[in-house]
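This report goes through one protein chain part by part. Keep the sequence and the structure in view while reading.

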Amino acid sequence: MNFVVIGLSHRTSPVELRERFAFPDGKIPDALKSLRDSGITSEAAILSTCNRVEIYAATPLAPDVAFAELKKFLVAHHAFAGALGDELYTIDEPHSLHHLFKVAAGLDSMVIGETEILGQLKSAYELALQHKHTGARLNKAFQRAFNVAKHIRTETNIQRGSVSVMSAAVELAERIFSKLADHEVLVIGAGETSEKTARALQSRGVKKITVTNRSPERAAALAAELGGRAVPFEQWPDEFERIDIAISSTAAPHHILDRAKLEPLMRRRKNRPLLLIDIAVPRDIDPAVNTLNNVYLYNVDDLQSIAADYLKLRQEEVARCEKIIAEKVAVLLATNKFSTTDGHR
């Protein structure tokens, strides 16, 4: 019984092609049943996300035969009439185990070390398990993959730090203010990036968000989406007495906040720490405000630099993670619990 993987991912195919082969969750149990009824697989699980579509299977067939049949299944199931080349990859044992472990640990993700894929992989496995489409071989492989992912998270720095501008801004906020739930946020300019940053802060506990925009309708709409309140654009300086974090992203051709304007505002707020996140280009906030006590200003280049540093750190950890995975795969293959006779139902 051979453990194999076939699929497409962001590394091999564009989103337009991945969409054609995506499996809605509700359709996966029937697809797995078809695979097993056909005799192509004895056990199977399907992982379908925005970045990858993969079938993990234990098959009694020779690898080349199994891959040919699995490709036919994918093409027929999705009524695909186009040509498939290198976009579709096939992985035989033991590399298939290595691949599964890498996916679980976030090493094959678009953002190295991200954790969302582990939850998606667990859901895919649980769905197959629930409908009795797994057996000893897949159960052992997936359970070991989850354990390896946990080991890598705790023993390496692969998930350390934030690798996007929005998450870097959140990390800065958490460094300055230990509990974000106790602090208010002002969003100046209701653009997409400022909205995403506000949502990222909200996901970490921020409860009070005020939005202002030159278009009052847009400010009101975003405030409603965030569960906050909107204020007229000309009144946003009045909010500095109560807020602790300001995200600014307007289309103004000049600074909307400078030292002369901020200094009296800081006195009114009794010099409490203030985090200013300027993600506008050209910049909304004069860099000279950073000379004021308890003012922390970061622009988009600062945030991208922080994210790049963390990404470099994660990339440096990949070799260490790969070594752990290779060792774990070797141990698994050496055990009787993953012998070639396992997986028969």
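A nonpolar core is a set of buried Ala, Val, Leu, Ile, Met, Phe, Trp, Tyr and Cys residues joined through side-chain atoms within 4.5 Å. Buried means under 20% relative accessible area, and exposed means over 50%. The model described here is predicted.

## Domains

The domain assignment of the chain gives domain 1, residues 2-155, and domain 2, residues 165-305. Between the C-alpha centres of domain 1 and domain 2 there are 43 Å.

In soluble globular proteins, nonpolar side chains tend to be buried together. The largest nonpolar core in this model has 61 residues, and the members that touch the most others are Ile-55, Tyr-56, Leu-100 and Phe-142. Helix H6, residues 136-155, gives the most to this core, with 8 residues.

Leu-100 shows what such contacts look like. Leaving out residues up to four places away in sequence, Leu-100 touches Phe-3, Tyr-56, Leu-121, Ala-141, Phe-142 and Ala-145. A second, separate core has 30 residues, including Ala-173, Ile-279, Leu-303 and Tyr-310.

## Helix H2

Helix H2 covers residues 28-38, and its buried residues are Ile-28, Pro-29, Ala-31, Leu-32 and Leu-35. Seen down the axis of H2, these buried residues fall within an arc of 165°, so they line one face of the helix. Asp-30 and Asp-37, on the other side of H2, are exposed.

What covers the buried residues of H2? The cover includes strand E2 (43-48), strand E3 (52-59), helix H3 (63-77) and helix H5 (116-130).

## The parallel sheet

An open sheet is formed by 6 strands in the order E7-E6-E5-E8-E9-E10, with parallel pairing. Strand E7 (229-230) and strand E10 (295-299) stand at the edges with a single partner strand each, so one side of each has no neighbour in the sheet. Strand E9, residues 274-278, is joined to E10 by 5 bridges, and the two run parallel. In this pair, Leu-274 stands opposite Val-295 in E10. Helix H9, residues 216-226, packs on the sheet, where H9 touches strand E6 (208-212) and E7. The direction of H9 makes about 165° with that of E6.

## Leu-262

Leu-262 is found in helix H10, residues 259-268. Is Leu-262 buried or exposed? Its relative accessible area is 0%, so Leu-262 is buried. Not counting residues up to four places away in sequence, Leu-262 touches Phe-240, Leu-257, Leu-274, Leu-276, Val-289, Leu-292 and Val-295. Leu-274 and Val-295 are also the residues that stand opposite each other in the pairing of E9 with E10.

## Backbone exceptions

Most residues other than glycine have a negative phi, and most peptide bonds are trans.

The peptide bond from Glu-93 to Pro-94 is cis, with omega near 10°. Pro-94 is found in the loop between strand E4 (89-91) and helix H4 (95-105).

Ala-79 is not a glycine, yet it has a positive phi of about 50°. Ala-79 lies in the loop between H3 and E4, and at 59% relative accessibility it counts as exposed. Lys-270, a residue other than glycine, has a positive phi near 55°. The place of Lys-270 is in the loop between H10 and E9. With a relative accessible area of 73%, Lys-270 is exposed.

Conventions
Residues numbered from 1 in each chain as written. Predicted model: local features only at pLDDT ≥ 70, side-chain atom pairs only at ≥ 80, totals over all residues. Heavy atoms only, no water. Buried < 20%, exposed > 50% of the residue type's maximum accessible area, 1.4 Å probe, protein only. Helix = DSSP H or I, 4+ residues; strand = E, 2+ residues; numbered from the N terminus. Contact = heavy atoms within 4.5 Å. Arc of directions from axis to C-beta. Domains from an automatic or database assignment. Pairing = 2+ DSSP bridges. Axes fitted to C-alpha atoms, helices over the stretch in contact; angles between N-to-C directions.
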